[in-house]
Amino acid sequence: MIANRAKGMYTDLETLCIAEGGTIRESAARIDRSRIGIVLVVDAARRLVGTITDGDLRRAMLAGRELDGPLAWILAAKAHSPFATPVTGPAGVDPVVYL
């Protein structure tokens, strides 16, 4: 779980995860349900392979991408940005270490 300090609640990470074979529509629905503005794209082993934000979805729609199209399009579009690869760390480490 992660803290959602703005709401004083915790969010189950599973609700934010979407399989890398998912669609743009599925990611939009998860973002809408979670109200956090991001989904975590995971592979079959549940490893983080990328993130998709509400801004990424907006750019995909403005580019004319179909909602039932693959998430791979958005991930490929981000491949040349500084945010192409998510930064991860091992579980159980004090968050202060990363700051």
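Tyr 98 lies in the segment after H3. In this predicted model, Tyr 98 is partly exposed because its relative accessible area is 44%, a value between the 20% and 50% cut-offs. Together with Val 93 and Val 97, Tyr 98 makes a nonpolar surface patch of about 280 Å². The chain as a whole exposes about 6,900 Å², of which carbon and sulfur atoms supply 58%.

Three helices and five strands are present in the chain, and their order along the sequence reads β-β-β-α-β-β-α-α. Of the 99 residues, 28% are buried. Among contacts between residues at least 6 apart in sequence, those joining residues at least 24 apart account for 40%.

The largest nonpolar core holds ten residues: Ile 18, Ile 24, Ile 31, Val 39, Val 41, Ile 52, Leu 57, Ala 60, Leu 71 and Ile 74. Two or more residues of this core come from each of helix H1 (24-34), strand E4 (38-42), helix H2 (54-62) and helix H3 (71-77). Leu 57, one of the core residues, is in contact with Ile 24, Ser 27, Ala 28, Ile 31, Ile 52 and Ile 74, leaving aside neighbours within four places in sequence.

Over the chain, the mean pLDDT is 84, and 89% of the residues reach 70 or more.

Key: Residues are numbered from 1 along each chain as its sequence is written. This is a predicted model: local features need pLDDT of at least 70, side-chain atom pairs count only at pLDDT 80 or more; totals for chains, interfaces and linings use all residues. Side-chain values use heavy atoms; hydrogens and water are left out. pLDDT is the predictor's confidence in each residue, from 0 to 100. A nonpolar core is a set of buried Ala, Val, Leu, Ile, Met, Phe, Trp, Tyr and Cys residues joined through side-chain atoms within 4.5 Å. Buried means under 20% relative accessible area, exposed over 50%, partly exposed in between (1.4 Å probe, protein chains only). Helices (H or I, at least four residues) and strands (E, at least two) are DSSP runs, numbered from the N terminus. Contact means heavy atoms within 4.5 Å. Patches are made of residues with over 30% relative accessible area and no salt bridge: like charges are joined within 9 Å, nonpolar side chains (Val, Leu, Ile, Met, Phe, Trp, Tyr) within 5 Å. Accessible areas come from the Shrake-Rupley method with a 1.4 Å probe; for residues, only the protein chains shown count as cover. A salt bridge is a side-chain nitrogen of Lys or Arg within 4 Å of a carboxyl oxygen of Asp or Glu.
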